[in-house]
Amino acid sequence: IVALAVLIPLACGCFDISAAQMVGTSSILAAALMTKSGASPGLAIVLTLLLGLLVGAINGIVVAGIGVDSLIGTLGMSSILIALSGYVSEYQFIGPLPDGFKTIVSGTVAGIPTITVYLIVIAVVLWYLLEHTPAGRRLFATGASPEAARLAGVRTRRFTCVSLVASSLLASVAGLLLAAKIGQVGPTVGPEYLLPGFAACFLGTTQIKLGRFNVPGTLLALFLLATGVTGLHQIGGELW
């Protein structure tokens with residue numbers, strides 16, 4: 001899900017370096033709301049998603065509105081989110097989380113783990129939006145050549161802003177699912193998902209649609225990466 005989050009801005013020709021830390025900050029915020037503030041799981045989910053929208057909107061304003069390079073702008077946002085995570089968690093583990101919250105990822109659907117079902121639904125929706133709607137075509141056009149797309153009438157700044165908002169929102173969804181899955185959130189969770197997410201997206205450009213960021217290729221790349229990492233672990237390879 002993190003890989004799909006960073007895929008959207010990449011298709012639009014920009015980077016969202018803050019997506020991985022958004023995962024960590026979202027999981028920490030949701031956990032803190034439920035364990036420290038006594039908020040219900042539903043309220044914690046809503047507030048966390050609102051944070052995702054807010055962070056994405058700020059990224060969009062900084063990058064598309066002010067004109068800061070996306071790599072620099074979202075890297076700065078990542079630093080802010082790291083500070084926010086430390087402030088909320090007080091650099092301590094938060095948990096255990098309520099059973100009512102953890103049920104959102106528990107169990108299976110037709111034998112498929114629930115969290116995988118979330119991934120499939122998100123992937124199908126994102127694939128349809130990118131490949132079979134005018135908005136998706138304009139987003140890809142913006143990523144291929146912003147100036148040509150602008151001269152053709154595409155509102156490139158708007159698509160850049162929307163892509164960053166969608167990335168941050170999807171990252172916050174991933175953070176909620178991560179917190180529900182592990183049941184206890186650490187103060188440094190998040191950054192470890194950055195490079196694997198981008199690796200899957202770029203490796204995905206070698207699959208299905210060559211040279212183009214695409215959802216099916218990214219999913220296949222994720223499978224290849226996960227299989228390779230698991231295989232190395234099983235034969236005794238070190239974590240690094």
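The model is predicted: local features need pLDDT of at least 70, side-chain atom pairs count only at pLDDT 80 or more, and totals for chains, interfaces and linings use all residues. Residues are numbered from 1 along each chain as its sequence is written, and side-chain values use heavy atoms, with hydrogens and water left out.

The second largest pocket has a volume of about 360 Å³. A pocket is an open set of points on a 1 Å grid over the protein atoms alone, where a 1.4 Å probe fits, with protein on both sides within 12 Å along at least five of seven lines; lining residues have an atom within 4 Å of a point. Grid points are joined across faces, edges and corners, and a volume is the space filled by probe spheres set on the points. The second largest pocket is lined by 17 residues, and Ile8, Leu126, Leu129, Leu130 and Ala166 are the closest to its centre. Helix 6, helix 7 (134-144) and helix 9 each give two or more residues to this lining. Helix 9 gives the most, with 7 residues. Helices (H or I, at least four residues) and strands (E, at least two) are DSSP runs, numbered from the N terminus.

The largest pocket has a volume of about 950 Å³. It is lined by 23 residues, of which Ile1, Val2, Leu119, Tyr193 and Leu222 are the closest to its centre. At least two lining residues come from each of helix 1 (2-11), helix 6 (114-131), helix 9 (156-182), helix 10 (194-204) and helix 11 (215-234). The largest share, 6 residues, belongs to helix 11. The lining of the largest pocket holds 19 nonpolar, 2 polar and 2 charged residues.

The protein has 11 helices and 2 strands. From the N terminus on, the order is α-α-α-α-α-β-β-α-α-α-α-α-α. The radius of gyration, taken over C-alpha atoms, is compared with a globule rule of 2.2 Å times the number of residues to the power 0.38. For 240 residues, a compact globule would have a value near 18 Å, and the protein agrees, with 18 Å. Along its principal axes, the C-alpha trace spans about 55 × 40 × 35 Å. Buried residues make up 44% of the 240. Buried means under 20% relative accessible area, exposed over 50%, and partly exposed in between (1.4 Å probe, protein chains only).

Helix 1 is largely enclosed by the rest of the structure, because 10 of its 10 residues are buried. Among them are Val2, Leu4, Ile8 and Pro9. The buried residues of helix 1 pack against helix 2 (19-35), helix 6, helix 7, helix 9, helix 10 and helix 11. Gly13 follows helix 1 and has a positive phi, near 85°.

Gly197 lies in helix 10. Gly197 is buried, with a relative accessible area of 5%. Leaving aside neighbours within four places in sequence, Gly197 is in contact (heavy atoms within 4.5 Å) with Ala3 and Val6. Gly197 and Thr218 are 21 residues apart in sequence and 9.2 Å apart in space, C-alpha to C-alpha.

Note on methods. Ala, Val, Leu, Ile, Met, Phe, Trp, Tyr, Cys and Pro count as nonpolar, Asp, Glu, Lys and Arg as charged, and the others, Gly among them, as polar.
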